[in-house]
Structure formats: structure tokens, C-alpha cells
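Points are grouped by topic.

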There are 2 protein chains.
Amino acid sequence: MSVLRGKVLVAQGGGPTAVINQSMVGAVLESRKFQQVTRVYGALHGVQGIINEDFLDLTEATTHNLEAVAQTPSSALLSTRDKPDEAYCQEIFKVCQAHEVRYFFYIGGNDSADTCRIVNQEADKAGYEMRVIHIPKTIDNDLKVTDHCPGYGSAAKFVCQAFAGVNLDNRAIPGVYIGVVMGRHAGFLTAAASLAKKYPDDGPHLIYLPERPFSKQEFIKDVKEVYEKYGRCIVAISEGVVDAKGKAIAAQFTKGEKDAHGNVQLSGTGALGDLLSMWVKQETKIKRVRADTLGYLQRSFLGCVSEVDQFEAREVGEKAAQYSIWHKLDGSVCIRRIGDYAVEYFLAKLEQVARDSIAMPNKYINKDGNYVTDAFKNYARPLIGDLPIMERIAAPKVKKVLK
Amino acid sequence: MSVLRGKVLVAQGGGPTAVINQSMVGAVLESRKFQQVTRVYGALHGVQGIINEDFLDLTEATTHNLEAVAQTPSSALLSTRDKPDEAYCQEIFKVCQAHEVRYFFYIGGNDSADTCRIVNQEADKAGYEMRVIHIPKTIDNDLKVTDHCPGYGSAAKFVCQAFAGVNLDNRAIPGVYIGVVMGRHAGFLTAAASLAKKYPDDGPHLIYLPERPFSKQEFIKDVKEVYEKYGRCIVAISEGVVDAKGKAIAAQFTKGEKDAHGNVQLSGTGALGDLLSMWVKQETKIKRVRADTLGYLQRSFLGCVSEVDQFEAREVGEKAAQYSIWHKLDGSVCIRRIGDYAVEYFLAKLEQVARDSIAMPNKYINKDGNYVTDAFKNYARPLIGDLPIMERIAAPKVKKVLK
């Protein structure tokens with residue numbers, strides 16, 4: 001097989017993750033090993049940077065610099081929310097051709113996979129040989145084909161450590177605590193809060209996901225039950241929960257009022273948490289009710305990564321370079337779970353991963369739709385890894401003297 | 001000096017911190033070394049547990065268990081919001097006397113110091129020899145006399161790591177980001193966000209503290225200026241900011257409406273962030289505006305501690321036992337900074353630390369009241385310690401071909 005000589009172009013799209021730079025650096029360093037790779041470029045701000053020809057020459061970045069960048073959360077090449085259509089992808093292709101890019105790696109979610117698919121088509125149409133690989137990335141864990149997505153494990157670990165701490169805090173000063181977790185359509189990230197539970201009475205006690213219709217009545221009933229049992233209640237809820245008609249619960253705050261909660265923006269606002277908090281205060285006699293929205297910290301917090309996630313994010317980047325440069329293949333790098341816990345990588349066709357995303361399978365959600373199953377915990381635990389130590393005092397009670 | 005034979009009683013009050021258990025375990029393990037200490041009790045839920053005689057016998061906790069507890073965030077002996085008055089303190093004293101408690105250590109803030117003061121008085125009045133030591137703890141860093149408070153460094157580190165990550169995220173997908181930080185009267189915790197700034201254009205770009213009146217007009221002007229300069233803007237703001245009349249800004253959301261934002265509860269609600277976010281959207285043409293309220297994660301997140309903070313929290317606990325059992329002293333354990341960076345401990349009188357708290361000194365706040373000074377950074381940096389690695393790509397720009 002003749003070699004395909006030319007440049008490599010890497011870009012990062014969509015919401016950043018804690019390990020997205022591992023994938024970028026994996027792809028860059030692996031690409032730099034090949035003689036047929038003349039240069040390795042990085043596009044700034046994803047596809048937007050491609051059409052603007054905003055490239056960094058990563059061949060001239062030091063290995064030391066790139067290794068430090070790999071450990072840094074959020075997209076070091078910066079990102080974009082642009083979702084290219086066919087015309088946009090034609091522009092991408094033209095720029096690639098002009099710069100003699102023969103290998104294009106795009107790190108992102110299902111929209112990025114779709115961009116890869118269309119750019120690949122454009123190159124084919126023009127008879128220009130260009131290999132296109134989609135490198136998976138999303139904290140939502142909602143990509144098709146792959147067992148799980150790089151980026152999820154670290155965000156899930158953050159969610160776990162947040163709920164583990166909040167549980168200890170809420171145990172010290174009891175009340176109802178509602179934690180709103182990212183996830184518009186898929187509940188994987190919210191579900192991860194379940195792994196924060198160590199002792200049987202630990203929270204989270206209730207978990208609500210976008211995969212099941214959310215009912216105010218059921219919610220209040222659930223909270224009351226837990227509160228009566230434990231004297232406290234911790235709720236993990238996805239920002240994307242919807243009612244039986246599919247309407248976002250967060251949207252119910254606005255009844256024609258023009259205020260900060262006027263739009264159904266889900267992240268970067270405390271609206272949903274405050275609404276649920278208000279409902280609990282109105283419908284129960286519980287006084288101490290608090291809501292936090294975990295917000296952007298979930299995907300960018302400095303210093304909270306899952307080791308497995310970091311490792312795999314690096315490898316999917318390296319595999320992208322190998323599949324395309326050694327084997328001249330196009331596709332989306334996927335992870336297959338082959339042991340407990342072990343994985344291997346394979347390449348899916350771009351059209352298999354592009355566009356549609358997935359939700360949590362039914363087997364991961366309990367019958368009442370207010371918690372996860374053990375099957376989910378078994379699925380998610382190795383992706384998150386061990387949590388920091390947390391222990392209760394084990395000491396006997398003292399006999400009362402006065403009472 | 002004759003020895004004072006009897007029990008030790010330890011309790012934890014107020015809001016938990018990441019290292020409050022270090023202080024508790026330090027006091028317990030040090031106390032267990034003394035022959036005159038017959039038992040070491042821990043009260044459950046602070047002073048409330050004392051009047052209810054809810055004690056654990058910590059003499060029968062294993063060292064291994066206690067060392068694991070020391071690393072666990074939040075009050076392992078559970079906490080209380082009770083602020084005892086004289087009658088309440090009389091009850092505390094009576095229970096102490098009934099259980100032959102001769103040493104009482106209360107870990108908490110200025111209110112806890114005041115409880116110590118009154119209980120000590122009650123013992124004196126009754127002619128019952130009982131040593132009372134206040135062990136400092138607060139994420140607000142607002143205690144008198146001491147250079148800084150155990151608990152602050154770790155919460156400040158969390159805030160730094162949060163803003164460092166958010167800055168990277170906001171750089172990748174630009175916009176205005178507002179992060180609301182705990183702190184009702186003292187801005188120390190919010191000010192810590194300044195240490196997240198590595199490169200000159202990094203956020204936070206603006207820091208608003210409760211020590212300076214907050215003006216909507218100035219805020220909008222500041223945000224616009226930063227946004228014009230950098231194309232993005234990150235704001236760190238204390239939940240406790242007030243207007244020129246001393247009214248909480250968070251309270252301005254409610255104009256007779258009965259909603260989740262109806263009360264001036266500052267923590268556990270996204271109201272202030274959403275209000276500021278709305279203002280920026282209304283008064284500027286900036287489209288992407290996001291607000292997060294860091295919430296309870298700041299004081300309880302599992303797995304984010306400052307090493308110095310952890311070390312000092314342990315030592316103030318040990319010193320409490322030493323001051324009282326070796327030297328039969330009462331007081332509040334304080335930290336004096338004697339080097340760069342080195343500290344020593346000393347004992348202040350309970351009445352010096354009790355009741356009033358402090359705010360940030362003027363020298364730590366800039367002239368415009370929208371940022372901190374280098375003096376503050378020098379003060380806070382050693383308390384927080386090194387942050388995890390974060391690095392930008394250092395690579396040359398590629399020359400455009402098409403444009």
C-alpha cells in the first residue's frame with residue numbers, strides 16, 4: 001500500500017471535557033511519528049478555525065508542552081458550537097485541500113461525527129484522497145456504537161465527589177438537598193451520582209433522569225418518604241428532565257414573566273434547582289431545602305479526572321492516527337468492553353455514529369424511575385474509578401447520665 | 001502543678017469544612033495520650049448533642065478509623081446551627097459536670113468561640129474546674145486575632161480550581177461567566193479566585209466582595225470593558241454583596257413576587273447569579289451569559305484539600321489538647337505567620353475571638369473595588385498551595401493560504 005503524504009489537521013468541537021486534550025495530544029504525538037506526515041496542524045475554535053484558516057503548527061510544539069496541555073482540562077485548541085451543513089463542509093474541505101491536509105481528526109460528539117461524514121463525502125466527490133476520523137468526546141456519554149465516551153468518566157467522577165461531599169455535609173446539617181446535573185437528553189452523568197453512596201442511608205436517595213417523565217406529585221411523594229425515613233433527602237436530577245408531554249420542567253418557571261428564567265437555557269442558571277426547591281417548601285413542612293446547580297464545574301474543574309478516562313482519551317487519539325495513517329481508514333474510534341475491566345478499540349463507520357445520540361438503556365433505570373439499577377453501577381464504576389477516602393466514626397454510644 | 005483528672009469532650013459546630021475532621025482527630029488522638037484523661041467523648045450534632053447527652057466514646061474508636069475520618073470532609077461528629085445563649089450554656093455545663101468532663105474543645109467559628117466563653121464562665125461560677133478551648137474553623141476566614149482559619153485554604157483551593165477550569169472552558173467557548181462564591185460578610189473566599197489566573201488575559205477578570213458596595217451600573221460598565229478587551233469576561237462575586245444602602249443584591253430579585261427567590265437565603269439558590277446574568281443580557285449586547293453558584297461543593301467536595309490547611313487543621317486540634325491538658329489554659333487556638341511560609345500557634349483569650357467577625361482589610365481590595373491586590377495574593381497563596389498543572393499550547397501560527 002502506497003503511503004499518503006500530507007498534513008494532519010486536528011480540531012476540537014462542542015463542550016470541553018477534562019480529558020479532551022489527552023485525545024488531541026495522543027493524535028498529534030502519534031501523527032508526528034510518521035514520515036509521510038509533513039506537518040501537524042491544530043485548528044483554533046474547531047471547524048470555525050478551519051474555514052478561517054486559523055491554524056497552529058503543532059509540529060513545532062514541544063513534547064513537554066503538549067504533555068502538560070494533555071493534563072489540562074478544556075479544549076486547548078478552543079472550541080465552537082457551529083454545526084456545519086453541507087456548504088460549510090465544502091468550505092472545510094476546500095481549506096484542507098489548499099493546505100494539503102490528508103488526515104483530518106475531529107474530536108467531538110455526534111454532531112462532530114456528522115461533520116466528519118460530510119467532509120469525507122466532499123473529499124470523495126472531489127477525488128481528493130483525505131482520511132477523516134472522528135475521535136469521540138462527550139461528558140453526556142450519549143454516542144452510538146461505543147461502550148462509553150471519553151470525557152464521561154471524569155465528569156462522572158466530579159459528580160460523584162460532589163454528591164459524596166454534599167452527602168456528608170447534609171448528614172452534618174440535615175435537610176433536603178437538590179443537585180442539578182448536566183444532561184439534556186441522556187441521564188448517564190446524573191446517574192453517576194449513585195456511586196457516591198457508601199453507607200445504606202447515604203445520599204443521593206433519589207435520582208431523576210431525562211429518560212423518564214418527571215411528575216411533581218411523584219417527586220414530592222418520593223422526597224417526603226425519604227425524609228421521613230432518614231430525616232434528610234438528597235436528590236440528583238438531570239437539567240433536562242421533562243414532563244409527560246415532553247416539556248422541560250425548567251421551562252415551567254416562566255409564566256409570561258420576563259426574567260432571568262425566561263428561556264429554557266438549561267446550563268448556567270439555577271432556575272430548575274430553585275423551582276424544585278420551591279415546590280418542596282410549598283408542598284411539605286420541611287424547612288431546610290437547598291438546591292445547587294453543578295454547572296460548568298462538571299466539565300472543566302481543574303484537578304478531577306478519572307485515570308481510566310484519561311488513559312482511554314489518550315488512546316482514542318492515538319488510534320485515530322494509526323487507523324488513518326497506517327491503514328488509510330475513515331471512521332469513528334469506538335471502545336468495546338472486553339473484560340472486567342478491559343477494553344479494545346475499533347473503528348465504526350462515520351454514518352453509524354453521526355447525528356443521533358442515545359439515552360440510558362431501560363436496564364439502567366429502576367421501575368419507579370427515581371433511581372438507577374445495580375446494572376448501571378456495574379457499568380459506570382470502572383469508568384470512574386476509586387473515590388477519595390471517606391469514613392464515618394466507628395465508636396460506641398455513651399450511656400446517658402441525666403436523661 | 002497537679003493534674004486535672006477527667007474526661008475530654010469534643011464537638012463540631014457550624015458549617016462543615018474539608019479539614020474540620022483533622023482538627024477533631026488531632027484533639028482526640030493527642031488527648032488519648034494523657035493518663036489523666038479518663039475518656040474522650042465526641043458530642044453528636046455539636047452543642048445540641050451535649051444537652052441531649054448524645055456522645056460517642058472516641059476512646060474506643062481505632063486510630064486507623066480516626067485517621068480515615070480525618071481525611072473525610074464535613075463534620076464527622078455532625079453539626080448544629082444552634083447558637084447557645086446563657087441558659088443553653090448552663091445546660092451544656094451541667095451535662096459536662098454530670099459526665100465529669102474536665103476538658104471541652106469546641107471546633108467552630110466566632111459563635112462557637114462565644115459558646116466556649118460562656119460555658120467557661122458557667123464552670124467558673126460553679127467552682128468546677130473545666131478547661132475550655134475553642135478550635136478555629138471556618139471557610140470564611142473571618143475570625144479575629146488569628147492570621148487565618150483552618151478550613152479556608154481548602155475551600156479557597158476549591159474556588160481556585162473551579163475558576164481555573166471555568167476560565168479554560170470560557171476561553172474555548174467565549175462569553176460572560178459569573179461565578180457566585182460563598183461569603184456573607186467577608187470576601188476572602190471569593191478573593192481566592194484571583195489565584196486561578198495564570199496568563200494575563202485569564203479570568204477571573206472582575207471580583208466583587210461584600211466589603212464594597214455593589215453598583216449595577218459599575219458592574220455593567222466593568223463587564224463591558226473586559227468583554228471589549230478580551231472577547232469574554234469571568235466574574236467572581238460573593239453571595240453577600242450589598243448595595244450602597246447595605247441591602248443584599250440577592251434580595252432585589254423579589255418585588256413582591258412569591259417565588260423560589262422570595263427570601264434572602266444566599267446559599268443553596270441560584271438567584272443572585274441569575275439576576276446578574278439577566279442584567280448583563282438586558283444592558284449589553286452580549287449573547288452568551290452564564291452564571292453558576294458554587295454552592296455547597298465549596299465546603300464539602302470530596303477530594304480537594306490544601307495540604308497546608310490539612311496540616312494546620314490537625315495541629316490546632318493537637319494544640320488544643322496540649323494547651324488545656326499540659327497547661328490548664330482556656331482560650332482560642334490561633335495561628336501566627338512567622339515566615340514565608342511558616343507559622344506558630346498561640347492561645348488568645350476566648351473573649352478576643354468570640355462574637356464579632358472580621359472582613360477583608362482594605363489593603364487587599366483594589367481602588368475600584370472590583371479586584372484584589374497583590375498583597376492579598378501574597379497572603380492567600382501559601383494557604384492554598386500549588387494548583388494542578390494547566391498549560392496552553394505554545395506553537396507558531398500557520399500562514400493563511402486562501403485568505
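Apart from neighbours within four places in sequence, B:Tyr208 is in contact (heavy atoms within 4.5 Å) with B:Thr190, B:Phe214, B:Glu218, B:Phe219, B:Asp222, B:Val235, B:Ala236, B:Ile237, B:Ser238, B:Val241, B:Gly369 and B:Asn370. The model is predicted: local features need pLDDT of at least 70 and side-chain atom pairs count only at pLDDT 80 or more, while totals for chains, interfaces and linings use all residues. Residues are numbered from 1 along each chain as its sequence is written, chains are lettered from A and ligands numbered from 1 in the order in which they are written, and side-chain values use heavy atoms, with hydrogens and water left out.

- B:Tyr208 belongs to strand S7 of chain B; helices (H or I, at least four residues) and strands (E, at least two) are DSSP runs, numbered from the N terminus.
- With a relative accessible area of 6%, B:Tyr208 is buried; buried means under 20% relative accessible area, exposed over 50%, and partly exposed in between (1.4 Å probe, protein chains only).
- The side chains of B:Tyr208 and B:Asp222 make a polar contact at 2.7 Å. A polar contact is a pair of N or O atoms within 3.5 Å; within protein, one must be able to donate a hydrogen and the other to accept it, and residues adjacent in sequence count only if both atoms are side-chain atoms.
- B:Asn370 is 162 residues from B:Tyr208 in sequence, yet their C-alpha atoms are 5.2 Å apart.

**Loop residue B:Thr373**

- B:Thr373 sits in the loop of chain B between helix H12 (350-353) and helix H13 (374-384).
- Its side chain reaches the backbone oxygen of B:Lys363 at 2.7 Å.
- Neighbours within four places aside, the contacts of B:Thr373 are B:Lys363, B:Tyr364, B:Ile365 and B:Asn366.

**Salt bridges within a chain**

- Over all chains, the structure holds 51 salt bridges, each a side-chain nitrogen of Lys or Arg within 4 Å of a carboxyl oxygen of Asp or Glu.
- B:Asp202 and B:Arg392 are joined by a salt bridge between their side chains (2.8 Å, N to O). B:Asp202 lies in the loop between helix H7 (188-191) and strand S7 (206-208) of chain B and B:Arg392 in the segment after H13 of chain B, so the pair ties together parts that are 190 residues apart in sequence.
- B:Asp202 is buried at 3% relative accessibility, and B:Arg392 is buried at 15%.
- In chain A, salt bridges that share partners link A:Asp201, A:Asp202, A:Arg232 and A:Arg392 into one network.
- A:Glu30 and A:Lys33 form a salt bridge through their side chains (2.9 Å, N to O); A:Glu30 is buried at 6% relative accessible area, whereas A:Lys33 is exposed at 61%.

**Helix H8 of chain A**

- A:Glu225 and A:Lys221 form a side-chain salt bridge at 3.9 Å, N to O. Both lie in helix H8 of chain A, 4 residues apart, about one turn of the helix.
- A:Lys221 is partly exposed, at 42% relative accessible area.
- A:Gln217 is also found in helix H8 (residues 216-230) of chain A and is exposed at 58% relative accessibility.
- Between the C-alpha atoms of A:Gln217 and A:Ile358, 141 residues apart along the chain, the separation is 28 Å.

**Interface of chains A and B**

- Chain B contributes 96 residues to the contact and chain A 96 residues.
- About 7600 Å² is buried between the two chains, with carbon and sulfur atoms giving 61% of that area. Buried area is the accessible area (1.4 Å probe) that two parts lose on being put together, summed over both.
- There are 44 residue pairs in polar contact across the interface, both residues at pLDDT 80 or more.
- H6(B) supplies the largest share of the side of chain B that touches chain A, 10 residues.
- There are 6 salt bridges between chain B and chain A. In the one between B:Lys397 and A:Asp54, the closest N and O atoms are 3.6 Å apart.
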